[in-house]
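These are my notebook entries on a structure that I went through element by element. The sequence and the coordinates come first, then what I looked up.

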Amino acid sequence: MNLFFKKNFLIILIGILIISSFNFYQKEIRNFFYSVSQSFQKNLWVKGANVSDFSKSLFKSTVLKRENEELKKQNQELFNQIVALQGLAEENKTLREALDVGVQKDFELVIADLIAKDLSGDFLIINKGVSDGLSVGFPVITAQKALIGKVSEVFENFSQVILISHPQISFPAQIYEKGITGIVKGGGNLRMFLEKIPRDPETKEGDLIITTSLGGNFPKNLLIGQVEKIQKSDIEPLQKVEISPFVNIGELEIVFIITNF
Amino acid sequence: MKKILFFILLFYFLVILQGSFLVHFTVGNIVPNLVLISVVIFNFFEKSRKNTGFLVAVIAGFYLDLYSAFPMGVFILSLLLLTFLIKKFFKFIGEENFFYFIFSLFFSLIFYRLFLFICDSFLRQSFYFNFNKLQLVELGYNFILGVLVFYFVKIWLLRKIRK
């Protein structure tokens with residue numbers, strides 16, 4: 001019996017030592033695995049997005065009809081713009097250039113592909129790392145200047161991005177055109193709140209929330225989301241709102257990392 | 001050796017599938033936890049005196065660790081503990097039927113979430129437990145998926161036995 005316990009204890013001890021030793025080389029191990037799986041993961045990410053779009057469209061035929069009507073109207077309005085764009089060679093190239101110019105005017109950027117969503121919470125993995133000049137704390141945005149998060153860990157060729165919805169994240173933000181400043185706090189699972197905001201002037205659903213230069217973590221005027229639900233209390237002088245994020249992580253493929261602002 | 005290689009490849013595929021493909025099939029922002037469900041189902045169908053479940057827990061946990069923001073070892077430890085508890089449970093009960101599976105799946109989902117919460121709180125040195133509807137959605141979504149996968153595996157095993 002004693003021998004049995006000694007043997008098991010030894011196995012557990014060796015196991016713990018081996019697993020703990022992984023932490024000394026975790027950057028190299030993770031970088032290696034991400035490199036090996038990168039193309040496979042990227043393919044699955046794109047396939048997942050396509051299959052999900054297709055299945056959603058099957059279930060939302062009525063919504064699609066309505067959207068189709070609205071799009072027809074928009075189509076008319078966009079006609080002139082399309083004519084203006086006809087001279088350009090490739091539509092994709094044009095859009096990319098337009099986006100690049102729009103965002104790159106304000107910041108120094110690095111473009112990265114999104115390869116996976118971290119399985120433990122509000123994290124993403126992107127295919128740029130130390131070798132591309134990234135370091136911890138760099139803000140991560142979309143082409144539409146919507147803030148996603150910031151780089152939380154860098155490997156040789158990959159990085160982990162902590163989303164602004166992570167409970168660990170909190171930073172100052174303001175309600176656009178109202179000058180109301182509050183604190184954005186992550187609620188986990190892509191949920192966010194704007195806390196400690198005064199009752200006056202009145203906050204309305206749909207109000208835009210943007211970053212401020214306070215705190216120095218993020219550049220000002222980046223989009224965060226819209227006010228979704230206002231949580232008022234008769235006792236509290238300050239109120240809290242739930243934010244509906246601008247970014248749907250599932251639809252993202254490319255992100256931009258701000259390396260200088 | 002063949003068995004080990006099979007599990008290494010299977011869980012590699014499952015982890016990548018979960019992190020890349022299933023991200024697009026969320027319910028209330030919850031990604032289904034196919035890896036955890038697979039570990040629970042494997043331990044259910046394996047005889048409680050056999051130890052392959054521990055190997056499966058280490059392999060699955062290792063991959064989950066690679067794709068997480070936690071230090072290496074957190075997921076290995078959580079799945080090893082879970083495997084140990086499931087095996088003890090079935091050894092104590094002495095029989096395996098659908099209702100016991102339901103119980104072990106339910107227990108595993110709660111244990112897994114609590115374990116990660118404790119590790120997260122310990123690492124950040126701030127304890128809070130924000131129990132909200134999302135935890136219920138997570139529980140429900142994974143529970144339904146777990147039952148479906150259980151039936152698929154059961155049908156597959158029955159066909160294999162008949163052959």
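I began with what covers the buried residues of α6(B), and found that the cover includes α2 (34–45) and α5 (98–124) of chain B. I worked from a predicted model, in which local features need pLDDT of at least 70, side-chain atom pairs count only at pLDDT 80 or more, and totals for chains, interfaces and linings use all residues. Residues are numbered from 1 along each chain as its sequence is written, while chains are lettered from A and ligands numbered from 1 in the order in which they are written.

Elements are DSSP runs numbered from the N terminus: helices are H or I of at least four residues, strands E of at least two. I listed Glu138(B), Asn142(B) and Gly146(B) as the buried residues of α6(B) (buried: 20 or more other C-beta atoms within 10 Å of the residue's own, with C-beta atoms placed from the backbone).

I then checked the length of α6 of chain B (residues 133–162): its 30 residues should span 44 Å at 1.5 Å a residue, and the end C-alpha atoms lie 43 Å apart, which agrees. The expected span is 1.5 Å times one less than the number of residues.

Next I looked up the contact between the chains, which takes 28 residues from chain B and 31 residues from chain A (contact: C-beta atoms, placed from the backbone, within 7 Å). On the side of chain B that touches chain A, α1 (2–21), α3 (52–66) and α5 of chain B each give two or more residues. The largest share, 6 residues, comes from α1(B).

Last, I noted that β2 (residues 123–126) and β5 (residues 159–163) of chain A run antiparallel and are joined by 4 bridges (strands pair if DSSP finds at least two bridges between them).

How values were computed:
Buried ≥ 20, exposed ≤ 12 C-beta atoms within 10 Å, placed from the backbone. Contact = placed C-beta atoms within 7 Å.
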